[in-house]
Amino acid sequence: MKLKRTAVSDEIPTSSMADIAFLLIIYFMVTTTFAATRGLDFSLPPEDDTPPMVEKEEAVLIDIQAGGVYIVDQKPMQLSEILDYLKPKLERNPKKPVIIRPQQNTEYGYMVDVFDELRQAEAKIGMKVENISIPTQREVEMFWF
């Protein structure tokens, strides 16, 4: 008996490749979830005709001039007198803001002396100066003048 030999094709059958690719595309389209942007969850406050009342707080301004001249609230003082001046103000409001404003030609050491004096307030007068600020030149130009 003689068997007939069939010739094997040397080509890869690609006729079903398009069907498989199309099915994969559909599969990924169906299973993919897209992130939906939901936005921010917040609610606006109700409209109020009366604006909130904010109490104006006067700060203590320590102006340091060239040569170590200290002007506290427009009164010349010695460095050792500053805490005595601040004590009654801090008793009324422990968070009283104290602003140190050195002039441009003032030596840096005078500002450090004032800052050190304010930091030693707890030991000297029994109260801590919590709110000390040193404004930048830009802040001075924007808010003082």
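**Strands, helices and surface**

Tutor: In this predicted model, the hairpin of β1 and β2 has three residues between the strands, and Gly-67 there takes a positive phi near 85°.

Student: In which sense do β1 and β2 pair, and over how many bridges?

Tutor: The two strands are β1, residues 60–65, and β2, residues 69–72. Within this pairing, Ile-64 stands opposite Tyr-70 of β2. The sense is antiparallel, and the number of bridges is four.

Student: What is the strand order of the open sheet, and which strands stand at its edges?

Tutor: The sheet has five strands with mixed pairing, in the order β3-β2-β1-β4-β5. Two strands, β3 (75–77) and β5 (131–133), each have a single partner strand, so one side of each is left without a neighbour in the sheet. From one strand to the next, the twist averages 25°. The edge strands are therefore β3 and β5.

Student: Which residue of β5 is the bridge partner of Ile-99?

Tutor: Strands β4 and β5 pair in the parallel sense over three bridges. The bridge partner of Ile-99 in β5 is Ser-133.

Student: At what angle to β1 does α2 run?

Tutor: Helix α2 comprises residues 82–92 and lies across β1, β2, β3 and β4. Its direction relative to β1 is given by an angle of about 165°.

Student: Which strands does α3 touch, and what angle does its direction make with that of β4?

Tutor: Helix α3 packs on the sheet, touching β1, β2, β4 and β5. The angle between its direction and that of β4 is about 165°.

Student: Is Thr-106 buried or exposed?

Tutor: Thr-106 is found in the loop between β4 and α3 (108–119). Leaving aside residues up to four places away in sequence, Thr-106 touches Ile-64, Gln-65 and Ala-66. Because its relative accessibility is 11% and the cut-off is under 20%, Thr-106 counts as buried.

Student: How is Ile-20 classed by its relative accessible area?

Tutor: Ile-20 is found in helix α1, residues 17–31. Together with Met-17, Leu-24, Tyr-27 and Phe-28, Ile-20 makes a nonpolar surface patch of about 540 Å². Because its relative accessible area is 43%, Ile-20 is classed as partly exposed.

Methods. Residues are numbered from 1 along each chain as its sequence is written. This is a predicted model: local features need pLDDT of at least 70, side-chain atom pairs count only at pLDDT 80 or more; totals for chains, interfaces and linings use all residues. Side-chain values use heavy atoms; hydrogens and water are left out. Patches are made of residues with over 30% relative accessible area and no salt bridge: like charges are joined within 9 Å, nonpolar side chains (Val, Leu, Ile, Met, Phe, Trp, Tyr) within 5 Å. Accessible areas come from the Shrake-Rupley method with a 1.4 Å probe; for residues, only the protein chains shown count as cover. A salt bridge is a side-chain nitrogen of Lys or Arg within 4 Å of a carboxyl oxygen of Asp or Glu. Buried means under 20% relative accessible area, exposed over 50%, partly exposed in between (1.4 Å probe, protein chains only). Two strands pair if DSSP finds at least two bridges between them. Contact means heavy atoms within 4.5 Å. Axes are lines fitted to C-alpha atoms, for helices over the stretch in contact, and angles run from 0 to 180 degrees between N-to-C directions.
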